[in-house]
Amino acid sequence: KMDSGVKSNRRFKDEEMRMSANELEFLAEMQEIFIVPRFRFDAITLLQRNSAESNGQYGPFQPMKPVIVPLWLALQLKQQKLCTITSPSWMSIDSLENILQTERANRESNLLGKVDFYYQETAKILMQHSPESFENVEKVRILIKDIEEIRALKLHASLRELQDHTEAARFAHLSAAELNSIRAFMIEAMNKFSDLRKAELAVTSSSQPSQQIGSL
């Protein structure tokens, strides 16, 4: 839920709330992913805590035994040829086709289906740095693009449906990139709502003395 912020005189600026593509990818790399190590090493503890299950501890690492690690660590290990990366289950062709089918089925209602919050960033990173993780990386690329496009159409349609005096909007199952893309619109809307509310209050205040005189 994004409120209009009409109680404050502060105007919102686009650059204060939008994130760059690099920032979104940085956050996506905090997500966890399975790797297949090619080395042996004890468990390690990282300061960052990506999930309640790992509790910041990863490993031990044994050759050919899958283990979960943060994506950024998986990329570093792969670069050193110390592991292979296993693509997430939701990035299989079957899963992506099901996601696309769900999005198409909800086309008229403009409802967005549930997706991984960083699905666009994760897909971009893995297709760029670990294309061999996929059985058919080009097919995956096409499906991701199709999902992005149909979700963008539904999101834009939902934004157009917002009425002029709507002071709050709720969107379910937005991805990080989608949320970031509508922030400019929401910021502009919040500023307009703030201006309208201040104008309404000014009119109400100016009419009060006349009403009081008329009642005497």
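What does Phe-117 count as at 37% relative accessibility? Phe-117 counts as partly exposed, a class between buried (under 20% relative accessible area) and exposed (over 50%), with a 1.4 Å probe and protein chains only. The model is predicted: local features need pLDDT of at least 70, side-chain atom pairs count only at pLDDT 80 or more, and totals for chains, interfaces and linings use all residues. Residues are numbered from 1 along each chain as its sequence is written, and side-chain values use heavy atoms, with hydrogens and water left out.

Phe-117 forms an aromatic pair with Tyr-118, which is buried at 12% relative accessibility. Rings of Phe, Tyr and Trp (its six-membered ring) pair if their centres lie within 6.5 Å; planes under 30 degrees apart are stacked, over 60 edge-to-face, and the rest tilted. This pair is edge-to-face, with 4.9 Å centre to centre and 75° between the planes.

The structure holds 2 aromatic pairs. Phe-39 and Phe-61 form a stacked one, at 5.3 Å centre to centre and 25° between the planes. Phe-39 lies in the loop between strands E2 (32–37) and E3 (44–45), and Phe-61 in the loop between strands E4 (57–58) and E5 (67–70), so the pair ties together parts 22 residues apart in sequence. Helices (H or I, at least four residues) and strands (E, at least two) are DSSP runs numbered from the N terminus. Both Phe-39 and Phe-61 are buried.

Next come two helices. The axes of H2 (residues 21–28) and H5 (residues 119–129) come within 9 Å and cross at roughly 85°. Axes are lines fitted to C-alpha atoms, for helices over the stretch in contact, and angles run from 0 to 180 degrees between N-to-C directions. H2 and H5 are therefore roughly perpendicular, the word for 65 to 115 degrees; under 35 is roughly parallel, over 145 roughly antiparallel and the rest oblique.
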